[in-house]
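Here is a short report on one protein. Keep the sequence and the 3D view side by side as you read.

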Amino acid sequence: MEQDSSSNSAQRLKVTVAGDEGSVRLDRALAVRLAELSRSRLKALILGGSVSIAGAPVRDPAYHVVAGDTITIDMPEAVAAEPKGENIALNIVHEDDDIIVIDKPRGLVVHPAAGHETGTLVNALIAHCGSSLSGIGGVRRPGIVHRLDKDTTGLMVAAKNDRAHQSLTGQFADHGRAGAMRRGYMAFIWGVPNRLRGTVDAPIDRHPFAREKMAVRERGREAITHWEIQESFDGRDGKPVAAQLACQLETGRTHQIRVHLAHIGHPLMGDAVYGPHFKTKASHLGPKSQAALNTLGRQALHAYLLALEHPQTGEILEWISDLPADLTRLRDRLRATQ
C-alpha cells in the first residue's frame, strides 16, 4: 500500500492498496501501513465511521479491500486527556459532603472511553460537584468506585473525597460478606428456572474470541450471583415464557449478571450480546408484549437496591429505585399476556 502524503489536511490520511496485495481485511491493511495507531484505535475509527472507501463509510473491520482501493481515514480532533464538566441532568437521590447517589438512566456511559469521550456520568459529576470529587480513580474516573453498563439503569454511588473513595472501594471489594454493602438488581429473563431461588458460582473472564464480551472461564475471576424468582409470565400458549428475578451480587465482575444468567440458560430479555439466539422466543409473547420488548432496545436490567455504610458517620444507608417506565411497561404487558 502507498500512503498519499499530498493530503492538505493534517487530520486526513489516505492509503491506496497496491496491486500485489490481493484481497485483505480492512483492519489488517491499515495496521500494516499505520503502525503508529494501535489495532484497538483503528477498530474504533472503523466502527465510528471515520474510515471510508470511494466516499462511503465502511464500518466493518473484516471488510476486504482489493488492489486499487483508496482508503480515507478522517482522524477526529484530539480531545483533552482530562474530562471536562458538562451540564447533564442528574437524578440525585442522596447527596452530602462525602457521597452522591444517582439513579442512572439508560444510555448514560459512566466514564469516558473510546467512542464516548464526552456526555458521560463523569462529565456530569464534574460539573455538579466541581473539584470536590475524589481523584483516586484517576483523571478519567474521578469519584467512580463502581459502574453500570451503558443501558443498565439504576442506583450508583460516587465518592466526593478521597476518604469516602477508600471506604467505598473497600465495601465494594467485600460485597457484603462482612459489611453492610448490598447491591440488588431486577432482571427480566427468558424462561423460568425450575426452582424458586439459586446461586450461580462461576468464574468470569474475557471471552476467548470476542474481546468485547465476558464469559464463564475456568481460570477466570471468582463471580457469585444470587437470584430469586419474583414473578413468572406465561406466553400466548399458556406456557411459562419469562420471569422477573431479584439478583444480588457477592462479587462485581463486568457484565456479571448478564453472563451468569445466560450461562444457566436464562439470558436477559433484550440482551443483544448474551442472548441473541433467544430472539425467536418473542413469538410466544402477545403482540403488545412483543411491542414493549422491541421498543425496550436494551437488556432488561435495573439496579434497584443499594445499601452501604456511610464513609464518615458509619450509618447504614439504603436506597430503593422503582422500575423505570420501559421495564414497567414490559412487566405489565407480560402480566396481561397481551
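## Contacts along the chain

Take the contacts in the protein between residues at least 6 apart in sequence. Of these, 67% join residues at least 24 apart. Keep in mind that this is a predicted model.

## The protein as a whole

The protein holds seven helices and 18 strands. Its C-alpha trace spans about 65 × 55 × 40 Å along the principal axes. There are 338 residues, and 45% of them count as buried.

The protein exposes about 16700 Å². Carbon and sulfur atoms supply 47% of that area. Charges come next: there are 41 positive and 39 negative ones.

## Helix α7

Helix α7 runs over residues 325-336, twelve residues in total. From its first C-alpha to its last it reaches 17 Å. That is close to the 16 Å expected at 1.5 Å a residue. Just after α7 comes T337, with a positive phi of about 50°.

Which residues of α7 are buried? They are D326, L327, L330, R331 and L334. Seen down the axis of α7, these buried residues fall within an arc of 135°, so they line one face of the helix.

What covers the buried residues of α7? The cover includes three strands, β11 (182-190), β15 (224-234) and β16 (240-249). It also includes helix α6 (287-296) and strand β17 (301-309).

S289 sits in helix α6. Is S289 buried or exposed? Its relative accessibility is 1%, so S289 counts as buried; the cut-off for buried is under 20%. Leave aside its neighbours within four places in sequence, and S289 is in contact with L330, R333, L334 and Q338. Two of these, L330 and L334, are among the buried residues of α7.

K288 is also in helix α6. K288 has a relative accessible area of 44%, so this residue is partly exposed. Again leaving aside neighbours within four places in sequence, K288 is in contact with R333 and Q338. Both R333 and Q338 are on the contact list of S289 too. K288 and R329 are 41 residues apart along the chain. Their C-alpha atoms are separated by 9.7 Å.

Note on methods
Residues are numbered from 1 along each chain as its sequence is written. This is a predicted model: local features need pLDDT of at least 70, side-chain atom pairs count only at pLDDT 80 or more; totals for chains, interfaces and linings use all residues. Side-chain values use heavy atoms; hydrogens and water are left out. Helices (H or I, at least four residues) and strands (E, at least two) are DSSP runs, numbered from the N terminus. The expected span of a helix is 1.5 Å times one less than its number of residues. Buried means under 20% relative accessible area, exposed over 50%, partly exposed in between (1.4 Å probe, protein chains only). The arc is that of the directions from the helix axis to the C-beta atoms. Contact means heavy atoms within 4.5 Å. Accessible areas come from the Shrake-Rupley method with a 1.4 Å probe; for residues, only the protein chains shown count as cover. Lys and Arg count as positive and Asp and Glu as negative; His and the chain ends are not counted. The place of a charge is taken as NZ of Lys, CZ of Arg, CG of Asp or CD of Glu.
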